[in-house]
Amino acid sequence: MEGFNHSRVSEFVLLGLTDSPELQIFFNVMFFIFYLMTMFGNCLILFTILFTPHLHSPMYFLLSNLSLIDMCLSSFATPKMIMDFFAQRKTISFKGCISQIFLLHLFTGTEIVLLISMSFDRYIAICKPLHYSTIISQRVCVWLVVTSWMVGFLHTMSQLAFILYLPFCGPNIIDSFFCDIPLVIQLACIDIYVLGVFMISTSGVIALISFLLLLTSYIIVLVTIKDHSSIGSSKALSTCTAHFIVVFMFFGPCIFIYVWPFTNFLVDKVLSVFYTIFTPFLNPLIYTLRNQEVKTAVMKKLRNQYLYLGKMTPRYPVQ
C-alpha cells in the first residue's frame, strides 16, 4: 500500500456522531444493543434456512446470503465505533481507513446485485410460474450469488484505485464514525473536487439506476398480482412488499449520499447510520414477520432449542 500512496498522514481522527458525552453514551448503548440483535437475528435466519429442508429453495437461498451480507455490513465499522467510546482519542490508521472503504463498498455493491437477483427471482416466480423451476435452478442461484460478490469486488477496487493514488499530507479529521470516500478525498493535498464529484456520483447513479430497475420489476409484479385474487397471490404480495421495504431502506440513503456528495455532512452522517446499522437490523424482522414459512421455522427452532436445554438442565431431588 505504501507503494501507491506517498502520504505523511499515518492515521485519521474520527469525530464520531456527536460531541455530547450524554448523547455518546446513549448512542453507544443503543448501537451495541442493535448490533447484538442484528447478529442474532441474521444468524437465526441463516441457520434456520440452512437446517430446515423445506426452506432449501432459491428464494430462501438468496435470503440466507442477504443475512450473511447484512452481518458483514453491520460489522465493518460498528464494533470499532462502540470500542471508540472508551478511547480518549478516536483514531484509525491509514490502512484501517482504506480497509473500511474497501469493506463498505464490497458489501454494499454485493447487496445491490443480490437485491436485484432476489427481485428477478420473485418476478419469475410470479409472472412466469410454469417456467420457474427451469429458469431458477440451484445452479443459477449459486451463479447469482457469486456474481454479486464479483461485482461488489470490482466496484470497491475501482473506488480504491482512485483513493490510493491521492496524497494526504495535512488535515486528518473525519467528521463521521467510519471512513468513506466523500469524507476522505476532501483531506487530499490536491484539488480533486471535479474528479471526486464524478467518481462519487458514479456510485450514486449506479445505485439510482439499480433502484429504478428494482422499482420497475416490483410494479410489474404487483400489476400481475392484481389480476389474481387467490391465497397464493396474497402470499406473493406479502413477500414482494417485504422485499421492497428492504430495497427502499437500503437504496434511499445510498442514493442521497452519493448522487449529491459534499452537500450536508450532518444529513449524510444520519443516513450512513441508517444503512449500516438500522437496515441490517430491520431486515430479519421484516422477513420473519412478513413471511409465515420463515416465522414458523424460526419459532420451531427456538422451541426445540428451549426443550433441548430444558432436558440438559440437571434436576436435583428435593431433600
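Predicted model: local features only at pLDDT ≥ 70, side-chain atom pairs only at ≥ 80, totals over all residues.
Colleague: How many disulfides does a search of the whole structure find, and what pattern do they follow?
Modeller: The search of the whole structure finds 2 disulfides. One is formed by Cys97 and Cys179, and another joins Cys169 to Cys189. When the bonded cysteines are counted along the chain, the pattern that these disulfides follow is 1-3, 2-4.

Colleague: Where do Cys97 and Cys179 lie, and how many residues apart are they?
Modeller: The sulfur atoms of Cys97 and Cys179 are 2.2 Å apart, and the link is left-handed, with -125° about the S-S bond. Cys97 lies in helix 4, whereas Cys179 lies in the loop between strand 3 (173-174) and helix 7 (181-184), and the pair links distant parts of the chain, the separation being 82 residues.

Colleague: Is Cys169 buried or partly exposed?
Modeller: Cys169 is joined to Cys189 with an S to S distance of 1.8 Å, and it lies in the loop between helix 6 (138-163) and strand 3, while Cys189 lies in the loop between helix 7 and helix 8, so the pair ties together parts that are 20 residues apart in sequence. Buried would require a relative accessible area under 20%. Because the relative accessibility of Cys169 is 33%, this cysteine counts as partly exposed.

Colleague: Which parts does the salt bridge of Glu11 and Arg89 tie together, and how many residues apart are they in sequence?
Modeller: The side chains of Glu11 and Arg89 meet in a salt bridge, at 2.8 Å from N to O. Glu11 lies in strand 1 (residues 11-14) and Arg89 in the loop between helix 3 (78-84) and strand 2 (91-93), so the parts tied together are separated in sequence by 78 residues.

Colleague: In the salt bridge of Lys80 and Asp84, is Asp84 buried or partly exposed?
Modeller: The two side chains meet at 3.2 Å, N to O, and both residues lie in helix 3, 4 residues apart, which is about one turn of the helix. Lys80, with a relative accessible area of 24%, is partly exposed. Asp84 has a relative accessibility of 9% and therefore counts as buried.

Colleague: Which element gives the most residues to the largest nonpolar core?
Modeller: This core has 54 residues, of which Leu63, Leu115 and Phe251 touch the most other members. Among the elements that give two or more residues to the core are helix 1, helix 2 (58-75), helix 4 (94-127) and helix 9 (231-259). With 11 residues, the element that gives the most to this core is helix 9.

Colleague: Which residues does Leu63 touch, not counting residues up to four places away in sequence?
Modeller: Leu63 is one of the residues that touch the most other members of the largest nonpolar core. With residues up to four places away in sequence left out, its contacts are Ile45, Ile49, Met118, Tyr287 and Val294.

Colleague: Is Leu36, in the nonpolar surface patch, buried or partly exposed?
Modeller: In soluble globular proteins, nonpolar side chains tend to be buried together. Leu36, which is found in helix 1 (residues 21-50), belongs to a nonpolar surface patch of about 530 Å² that is also made by Ile25, Val29, Phe32, Ile33 and Met37. Because its relative accessibility is 45%, Leu36 counts as partly exposed.

Technical notes:
Residues numbered from 1 in each chain as written. Heavy atoms only, no water. Patch = residues over 30% accessible without salt bridge, like charges linked within 9 Å, V, L, I, M, F, W, Y side chains within 5 Å. Areas by Shrake-Rupley, 256 points an atom, 1.4 Å probe, with all protein chains shown as cover. Salt bridge = Lys/Arg side-chain N within 4 Å of Asp/Glu carboxyl O. Buried < 20%, exposed > 50% of the residue type's maximum accessible area, 1.4 Å probe, protein only. Core = buried A, V, L, I, M, F, W, Y, C linked by side-chain atoms within 4.5 Å. Contact = heavy atoms within 4.5 Å. Disulfide = S-S within 2.5 Å.
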